[in-house]
Amino acid sequence: MGELRLMKGNEALAEAIIRAGADGYFGYPITPQSEVIEYLTAEKPQERTGMVVLQAESEVASINMLYGGGATGKKVVTSSSSPGISLMQEGLSYIAGAEIPVLVVNVVRGGPGLGDIQPAQSDYFQSTKGGGHGDYRLIVLAPSSVQEMSDFVPVAFDLAFKYRNPVMILSDGAIGQMMEKVELFDTIPRLTDEEVKERYPWATNGKPKGGERRIITSLDLDPAKMEEHNRHLQEKYRKIEENEVRYEEFQCDDAEYILVAYGSSARIAQKAIQLLREKGVKVGLLRLITLWPFPYKRIEELAAKGVKGFLAVEMSAGQMVEDVQLAVNGKVKVAHFGRLGGIVHSPEEVVEALEQKIIGE
Amino acid sequence: MSEIAIKDIIKTENLVYKKTKLMTDKPLSYCPGCGHGTAHRLIMEVIEELGKENDTIGIAPVGCSVLAYEFMNVDMQEAAHGRAPALATAIKRLWPDKVVFTYQGDGDLAAIGTAETIHACNRGEKIVIIFINNGIYGMTGGQMAPTTLVGMKTSTSPYGRDVSLMGNPLKITELVAQLPGTYFVSRQAVHTPSAVRKAKKAIRKAFQNQLDDAPGINFVEVVSNCNSGWKMTPVDSNIWMEENMFPYYPLGDIKVDGEIIK
């Protein structure tokens, strides 16, 4: 058993970043995730593992620090919250285009604009559909506990390097701020410079002796070559869709209705299921772990095997619900429920929504 | 001179100049008469002379020199517009033993990337910044730059830069020299053999300082012509540069070993 601690989600994430063998964290403070950089600067990871921590002048700078650092083959990470993540979209587009493995954590707050500092899930479109300009995808993991704020960090780094693709951990203000018991994993040693050079021959960390120089770029002025590069990216995304869909099912075996949710909403949905089951309603939960790739196939299967309706529960005006609708493809009823602007819904509200929007009609 | 006489002259022992192997053989994409090619060559010569071919990471900007990585035969990254100092910051911090430089134009460094420039300088990142100032946006077709002179005509200041509407040309090099984080700040040109020699000396000093782990940024501005953007012949553009750019952007070292000298 690993070390047990009572931690905030943001602190567990920061500790996991050090333990995952990250080489550098570059970030800019923003509520509700400033504990990440506070924890890291207090913890002196340069002494613990040799990891670099730097407070950048903006989120624009921190994402570009990730571009530079990630392009040398080092494990780099930043964290922010919604408005800051919007500032990073330019950099993320370049990073996706140049195929640089980086980890970005979004502890989502209410929007649009400056919004508020309460938990929300209204950045789903931005996270899963690209976000910046051009055809690209981020791999998106959605933790629903403090434990997963820690556990998903090494998973995210592995996926980033496996596919040379940016990975996002999409959390929210509730998971970031709440305290829970967390079992920490043992520290994974950082790679040495020699190991980095050997493992990632594409990385720009000094031209190999007697070898060719490496170039990291997202530019090709020849449209035929740019189309070829885009096709290559799309092939990679199809591979990720094939291999990396992750989700969890609760009481779906006999379910006539299914709640689809992730993050904080999945926890609330679990309680709602308990209340509904007490009333005799056969309901289950499909909890998304990867938001992209999305479990279209699994939802399609559930719709085909007799589930009468799906309720997408998310703290947004209805974003993930569009993917549920795509998967269900009109076969059965799909509805959305969610509070907006930083209000967290109650289990009772979810119960009522299922009864009114799915069962009642 | 007869053919035989030329053959007699072309011999290894008579070689007085050779292209550095750190410039690729790809023909430069710059307009004939432009200073970019010379500036590229000087940087690559210095890296070769310092023996750092295998330990250098360069960052190309967005602008005319967006394809600098096609010509510079070292590991290169292509940054988003203005962001090169942020990339360089992370690279140098993660690989402190490597030589890291950015190559940026005036729009890149002194307009869209001003925050990244000032803060990398202010943190005293141990990198080299090479700043090419030709007072115009060359690649996008000759629009006004932050360094465009007062009264200078560009496609977005077609009646000349009017200070009341467009502000003043930005002396960002003097500005960064004020920051304690800069160690060596110099302004050079590459339009005559003598200017080229001085510019190379400054670039060499900048890289040597980085190798010596000097505490701070080494920042070299190269005032250059843009004969296409300025709509002049290369020769006329160099005369115009001497008569108009140099009085506003005077050449020479501004800060040496962390001390402002002028």
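**Exercise 1. How many helices and strands make up the secondary structure of chain B?**

Solution. The model is a predicted one. Count the elements of chain B: there are eleven helices and ten strands. Next, check the overall form. The radius of gyration of chain B is 18 Å, close to the 18 Å that the globule rule gives for 262 residues, so chain B is as compact as a globular protein of that length. Then take the extent. The C-alpha trace of chain B spans about 65 × 45 × 35 Å along its principal axes.

**Exercise 2. Describe the burial, contacts, surface and charges of chain B.**

Solution. Start with burial: 58% of the 262 residues in chain B are buried. Move to contacts. Take those between residues at least 6 apart in the sequence of chain B; 68% of them join residues at least 24 apart. Now the surface. Chain B has an accessible surface of about 10,800 Å², and 57% of that belongs to carbon and sulfur atoms. Finish with charge. Chain B carries 27 positive and 28 negative side chains, and the centres of these two sets lie 1 Å apart.

**Exercise 3. Work through chain A by the steps used above.**

Solution. Count first: chain A has 15 helices and 15 strands. Its radius of gyration is 21 Å, close to the 21 Å from the globule rule for 361 residues, so chain A is as compact as a globular protein of that length. The C-alpha trace of chain A spans about 70 × 50 × 40 Å along its principal axes. Buried residues account for 60% of the 361 residues in chain A. Among contacts in chain A between residues at least 6 apart in sequence, those joining residues at least 24 apart make up 78%. Chain A exposes about 13,900 Å², with 50% supplied by carbon and sulfur atoms. Its 40 positive and 51 negative charges have mean positions 3 Å apart.

**Exercise 4. Which residues of H1(A) are buried?**

Solution. Locate the helix: H1 of chain A covers residues 9–19. Ten of its eleven residues are buried, so the helix is mostly covered. List the buried ones: A:Gly9, A:Asn10, A:Ala12, A:Leu13, A:Ala14, A:Glu15, A:Ala16, A:Ile17, A:Ile18 and A:Arg19. Now step past the helix end. Just after H1(A), A:Gly21 takes a positive phi of about 80 degrees.

**Exercise 5. How many residues does the contact take from chain A and from chain B?**

Solution. Chain A gives 36 residues and chain B gives 37 residues. Then take the area. The two chains, A and B, bury about 2,900 Å² between them, with 59% of it on carbon and sulfur atoms. A:Glu57, A:Lys207 and A:Arg213 supply 24% of the area that chain A buries against chain B, more than any other three residues.

**Exercise 6. Where is B:Ala39, and which residues does B:Ala39 touch?**

Solution. B:Ala39 lies in helix H2 (residues 36–49) of chain B. At 1% relative accessibility, B:Ala39 counts as buried. Setting aside residues up to four places away in sequence, B:Ala39 touches B:Tyr103 and B:Ile132. Last, compare two distances. B:Ala39 and B:Ala86 are 47 residues apart in sequence and 22 Å apart in space, C-alpha to C-alpha.

Conventions: Residues are numbered from 1 along each chain as its sequence is written. Chains are lettered from A and ligands numbered from 1 in the order in which they are written. Side-chain values use heavy atoms; hydrogens and water are left out. Helices (H or I, at least four residues) and strands (E, at least two) are DSSP runs, numbered from the N terminus. The radius of gyration is taken over C-alpha atoms; the globule rule is 2.2 Å times the number of residues to the power 0.38. Buried means under 20% relative accessible area, exposed over 50%, partly exposed in between (1.4 Å probe, protein chains only). Contact means heavy atoms within 4.5 Å. Accessible areas come from the Shrake-Rupley method with a 1.4 Å probe; for residues, only the protein chains shown count as cover. Lys and Arg count as positive and Asp and Glu as negative; His and the chain ends are not counted. The place of a charge is taken as NZ of Lys, CZ of Arg, CG of Asp or CD of Glu. Buried area is the accessible area (1.4 Å probe) that two parts lose on being put together, summed over both.
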